[in-house]
Every structure is written in structure tokens, then in C-alpha cells.
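I opened the model to look at how its chains meet. My notes follow the display.

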6 protein chains.
Amino acid sequence: MTEFDTGLPSVRQVQKYIKEQQKIVIQLTTQETITGQVLWQDPQCICVSDQSEQSLLIWRQALIYIKPVP
Amino acid sequence: MTEFDTGLPSVRQVQKYIKEQQKIVIQLTTQETITGQVLWQDPQCICVSDQSEQSLLIWRQALIYIKPVP
Amino acid sequence: MTEFDTGLPSVRQVQKYIKEQQKIVIQLTTQETITGQVLWQDPQCICVSDQSEQSLLIWRQALIYIKPVP
Amino acid sequence: MTEFDTGLPSVRQVQKYIKEQQKIVIQLTTQETITGQVLWQDPQCICVSDQSEQSLLIWRQALIYIKPVP
Amino acid sequence: MTEFDTGLPSVRQVQKYIKEQQKIVIQLTTQETITGQVLWQDPQCICVSDQSEQSLLIWRQALIYIKPVP
Amino acid sequence: MTEFDTGLPSVRQVQKYIKEQQKIVIQLTTQETITGQVLWQDPQCICVSDQSEQSLLIWRQALIYIKPVP
């Protein structure tokens, strides 16, 4: 959780999703899936706008994977 | 868990919910959902007043996401 | 897990429960709920006396939330 | 997980169970319960002899609570 | 999570899977299984191309095991 | 997860299983059980050869316990 170097490929991949307003699917540890766009990230959370345009503050510890919606 | 810099966007977002007494929904790792208001936060916990006005001390490790109630 | 500063509001809240022998409910990551009194806390665990007066050594990583019994 | 100070009350409590060969119940994150005696502890694991006298190396991250068998 | 030394056998094993384009199965904490090829790894994530050629950014905290498809 | 001192009893216990090619059972956080032999360990993973002689790279965060097969 202490790894947050803006030069890391994974941090840059998420940054790319933010800039390109890429629609993504986030799989969470609770089995729940969120579809939306990443608004911003910081070392603790990522902020996502979901399909009903609600803004969710998601803790990084809850992340399983992120994939783009084709 | 060691990330708690009051300048971080995610810490400030929660601080904003506290100041504005924003009604929020918290999704926990146990699948349980808490609706209420954040009273305060520290590096270990957030303290929330739920709908029956009970005060819950929630450990950060239990957080999945927080979203505002529209 | 490395956050244990006796000046933190959340550590002091638990300390207050200890001093006042407040009856509390602890929600654990396993979904199990413990009702009882906190006897002491340290950076790794909290020790709780449950309703059958058994003493449980609970690891902090297992905590979801603590709330007082009204 | 980085907290392992032999002076901590929780570390000493486990040490007391070892010395007194106290029969204990261990609740694990998988919901499984182990009954037996703690043989030794180190910063990463506790080693337990279960009821069939098998020796289990249990990772600390898997611990929910330990309680003595009355 | 703070262990990411490119000289570690486990980091080199994953690196070997990348170079050899080894088809692998990844078991995740959510019970979900991903079959595909590892594209790259960094201290926070591994990036995997799954069977529908989608690119998944998988957080390391979600990993249970990786095994090659025979 | 940062504890990996080759002098620790738990690290040496696993090392003993490796040297003696001890058949062991590994309980994982997903409830899955792996039976096999530990091939090597490093601070991030243990590598296990299972009953179909497949080599699994198991992340330490996924470990509940290891016990020898009698």
C-alpha cells in the first residue's frame, strides 16, 4: 500500500485512463463490480464516477483489478 | 494504511463530508453498508453517526468505498 | 497497523470505553459479533471480556467497527 | 504485522499461554477454529499443537482472536 | 507488499513467465480465476492479457497463486 | 509481510520442510487447500509442487497455515 510512485507503470496506466476518460470496470474484494470513469487517484484511494454519475471514493485496499470496457 | 497526509485529495474529500454534514453510504469489507454522517477521521479510523444516531468507530482497513447520498 | 499513537482520537475513544467499562459491540471481519467490555488495548490487539466473562485477545486486523451498547 | 515487541501485553499474554500449556481456541479468518496449545510464537507465525497432536504453523495475518478453553 | 526486489526468485519467476509468454492461471482472493499471459509487473500490480485479449491491471494484494498452464 | 529474517523459527520451519521434502498441507485464505512439497521460499512467496507435480507460486498474504501430512 506504500507503493505510490507516479513513475510506476500501474500508476501511469490509471493516469492514462483518467486523461482519456476511458470507461472501465473495477472488481472489488466484496465481489461488487463498478463500471465508470476514474476521476483522480491518490496514494490512499481512487475516485470513480459510476453509471448514475455518482462519485465513489474507493480505497485501494479494496481493488482486485481494473480493466477497460471495450 | 500508513498514508495519512491531510493534504491528500481523499483525506480532504472525507474532511469536506464532515464539514458539510453530508449524508453518506459506507460500504464495508463484510458486505455491510452504513448510512450516516462522518463525525471525524484519524489515521486509524473514521467515526460515523448512523441512522439511529449511534456512533460507530470504523477501522480504515474495513473500508471499500464512501459515496454521498444524493 | 503501524498507527498507534495514544494521542489519536480513535485510541483515546477505546481508552474511554475501557475506563468507563462501557458495554460495546465489536463487528469482526468474519461477520461474528462480540458483545462485552474492552479490558485493555495495545498496538497489536484489544482484549475483551465477553458476555460469558471469557477473555478474548482480538487482533486489530480483525476489527470492522466498535459501537457502544445504548 | 510489524508490531512485535516482547514487552507488549498481547505478546506476553500469548507467552503466558505457552508457559502454562493453556488449552486455547483460535478463530481464523477462514472461519475455521483450531483448539490446542500454543508451542511458540515469532513475529510472523504462531505454532500450535492441535487436538490430534499435529503441529500447525499459523500465519499471524490469519488470526481473529485467541481465547482460553475454560 | 513492500517486498519488490528484482533479484527475488518470485519476481524473477514472474519475469520468466513474461519473457516466455507462458500461459498461466491466476487465482484471486475473490475466488475468481484468470487465464492468460502476464504482460508486465511493477511493485503494485501485474498486468495480464486474458483469453479475450483484454488487459487487466491486477493489484498484488489480490493474488493467491500463479501456476503455468501445462 | 515485512518480517523475513532467515533466523526466525517460522522461516526455519519452512526451510526444514524444503530440505526434508516433507509432504505438507497448505490452507489458503480462499478456503482452498494445497497438498504438496515446498520447493523454495522468499520474502514474497512460497513455491509449492502440488500432487499433479505442478509448480504453484503462492503469495504469503494468502497463507493461513501449513501442517505436515503425517
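I started with the strands. E4(A) and strand E5 (residues 63-68) of chain B pair in the antiparallel sense over two bridges. Helices (H or I, at least four residues) and strands (E, at least two) are DSSP runs, numbered from the N terminus. I count two strands as paired if DSSP finds at least two bridges between them. I then looked up A:Leu57, and its bridge partner in E5(B) is B:Ile66.

Ground rules, before going on. This is a predicted model, where local features need pLDDT of at least 70 and side-chain atom pairs count only at pLDDT 80 or more, while totals for chains, interfaces and linings use all residues. Residues are numbered from 1 along each chain as its sequence is written, chains are lettered from A and ligands numbered from 1 in the order in which they are written, and side-chain values use heavy atoms, with hydrogens and water left out.

**Chain A against chain B**

I looked up the contacts (heavy atoms within 4.5 Å). On chain A, 20 residues touch 23 residues of chain B. The size of an interface is often given as the accessible area lost when the parts come together. Here the area buried between chain A and chain B is about 1900 Å², and carbon and sulfur atoms give 56% of that. Buried area is the accessible area (1.4 Å probe) that two parts lose on being put together, summed over both.

Next I checked for salt bridges, meaning a side-chain nitrogen of Lys or Arg within 4 Å of a carboxyl oxygen of Asp or Glu. The count between chain A and chain B is zero. Polar contacts gave 10 residue pairs, both residues at pLDDT 80 or more. Strand E2 (33-41) and strand E4 (55-59) of chain A are the elements that give two or more residues to the side touching chain B. E4(A) gives the largest share, five residues. By class, that side of chain A has 11 nonpolar, seven polar and two charged residues.

For the terms: a polar contact is a pair of N or O atoms within 3.5 Å; within protein, one must be able to donate a hydrogen and the other to accept it, and residues adjacent in sequence count only if both atoms are side-chain atoms. Ala, Val, Leu, Ile, Met, Phe, Trp, Tyr, Cys and Pro are nonpolar, Asp, Glu, Lys and Arg are charged, and the others, Gly among them, are polar.

**Chain F against chain D**

I read this interface from the chain F side. There, 23 residues of chain F contact 20 residues of chain D. The two chains bury about 1900 Å² between them, 56% of it on carbon and sulfur atoms. I found zero salt bridges across chain F and chain D, and 10 residue pairs in polar contact. Helix H1 (9-19), strand E1 (23-28) and strand E5 (63-68) of chain F each give two or more residues to the side touching chain D. E5(F) gives the largest share, six residues. Two bridges join strand E4 (residues 55-59) of chain D to E5(F), running antiparallel. D:Leu57 has F:Ile66 as its bridge partner.

Chain C and chain E make no contact, and their nearest C-alpha atoms are 14 Å apart.
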